[in-house]
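Thanks, everyone. Let me take you through one model, starting with an annotated site and moving on to the packing.

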Amino acid sequence: MTADPRYPIGPMPTPLTLTPTGRVEALGQVFALPADLFEAVQGLSEAQLATPYREGGWTVRQVVHHVAESHMNAFIRLKLALTEDNPVVKPYEEDRWATLADHELVPEVSLNLIDALHSRLGMLFASLDPQGDDWARPWTHPAQGRTYSVDTLLAMYAWHGRHHVAQITALRERMGWS
Ligand code: NI
């Protein structure tokens with residue numbers, strides 16, 4: 001745990017490789033995210049949804065829409081990694097994405113999207129042979145100049161979902177909204 005409100009569950013862990021047990025745990029987190037995120041925002045008012053989760057940070061609503069966008073990219077990256085030889089994925093400007101008009105939509109739109117998306121994302125990960133080579137399939141992030149594996153992709157996004165849920169639940173606690 002850390003006092004930095006940006007990282008309520010701590011920074012993304014390194015190295016991002018999973019043991020077989022860790023993989024099962026991460027997969028469970030992928031399947032749990034839609035319900036966890038729904039619960040994190042449940043009952044919040046318009047004003048509460050428009051509150052930044054930290055000073056100068058995204059609003060609760062933007063955090064929810066960001067998770068949908070980030071995990072749509074994760075889904076595409078996974079499909080690319082499973083079907084191409086070390087594909088170079090497309091980075092995107094997440095802070096600019098968060099300023100576009102669709103971030104004003106009610107969070108339910110993205111909660112539903114994430115629910116459907118994680119059914120597919122989780123099913124795809126779950127379909128991979130635990131002892132198979134697919135977990136080592138590489139993909140490259142050009143902005144970071146690094147090559148990762150499918151295993152790392154699961155670790156990254158299992159963490160990423162929990163990271164943003166915790167930003168919202170930590171805000172609720174600080175504000176006494178629960
Ligand atoms: Ni994020």
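One definition before the site. UniProt positions here follow the numbering used in this model, feature names are shortened, and annotations may be inferred rather than shown by experiment. And keep in mind that this is a predicted model.

So, the site. An unreviewed UniProt entry places the feature "binding site" at H66, H160 and H164. Why do these three count as one spot? They span 99 residues in sequence, yet no two of their C-alpha atoms are more than 10.7 Å apart, so they gather in one place. The lining of the largest pocket includes H66, H160 and H164.

Let's go one by one. H66 sits in helix 3, residues 60-83. Is H66 buried or exposed? Buried, with a relative accessible area of 1%. Now its contacts, setting aside neighbours within four places in sequence. H66 is in contact with W58, Y92, E94, H103, H160 and H164. Both other annotated histidines, H160 and H164, are on that list.

Next, H160. You'll find H160 in helix 6. H160 counts as buried too, at 9% relative accessibility. The cut-off for buried is under 20%. Leaving out residues up to four places away in sequence, H160 touches H66, S70 and H71. The H66 link is also polar: the side chains of H160 and H66 make a polar contact of 3.1 Å.

Then H164. H164 is in helix 6, which runs over residues 150-175. H164 is buried, at 5% relative accessibility. Beyond residues up to four places away in sequence, H164 touches W58, V63, H66 and V67. The side chains of H164 and H160 are joined by a polar contact of 3.0 Å.

Now the packing. The largest nonpolar core has 25 residues. Which of them touch the most other members? L78, F125, W139, V150 and L154. The elements giving two or more residues to this core are helix 1 (20-41), helix 3, helix 5 (107-127) and helix 6. Helix 6 provides the largest share, seven residues.

Take V150 as a close-up. Not counting residues up to four places away in sequence, V150 touches L78, A81, L82, F125, L128, D134, W135, R137 and W139. There is also a second, separate core of 20 residues, and W58, V67, A68 and I168 are among them.

Last topic, the inner space. Rolling a probe the size of a water molecule over the atoms shows where empty space is left. How many cavities of 30 Å³ or more does the count give? One. About 30 Å³ of space lies in the largest cavity. Its lining is made up of Q29, V30, L33, H118, Y157, A158, G161 and R162. Helix 1 and helix 6 each supply at least two of the lining residues. Helix 6 gives the most, with four.

To wrap up, follow helix 6. Helix 6 carries H160 and H164.

Note on methods: Residues are numbered from 1 along each chain as its sequence is written. This is a predicted model: local features need pLDDT of at least 70, side-chain atom pairs count only at pLDDT 80 or more; totals for chains, interfaces and linings use all residues. Side-chain values use heavy atoms; hydrogens and water are left out. On a 1 Å grid over the protein atoms alone, a cavity is a set of points where a 1.4 Å probe fits but cannot get out, and a pocket is an open set with protein on both sides within 12 Å along at least five of seven lines; lining residues have an atom within 4 Å of a point. Buried means under 20% relative accessible area, exposed over 50%, partly exposed in between (1.4 Å probe, protein chains only). Contact means heavy atoms within 4.5 Å. A polar contact is a pair of N or O atoms within 3.5 Å; within protein, one must be able to donate a hydrogen and the other to accept it, and residues adjacent in sequence count only if both atoms are side-chain atoms. A nonpolar core is a set of buried Ala, Val, Leu, Ile, Met, Phe, Trp, Tyr and Cys residues joined through side-chain atoms within 4.5 Å. Grid points are joined across faces, edges and corners, and a volume is the space filled by probe spheres set on the points.
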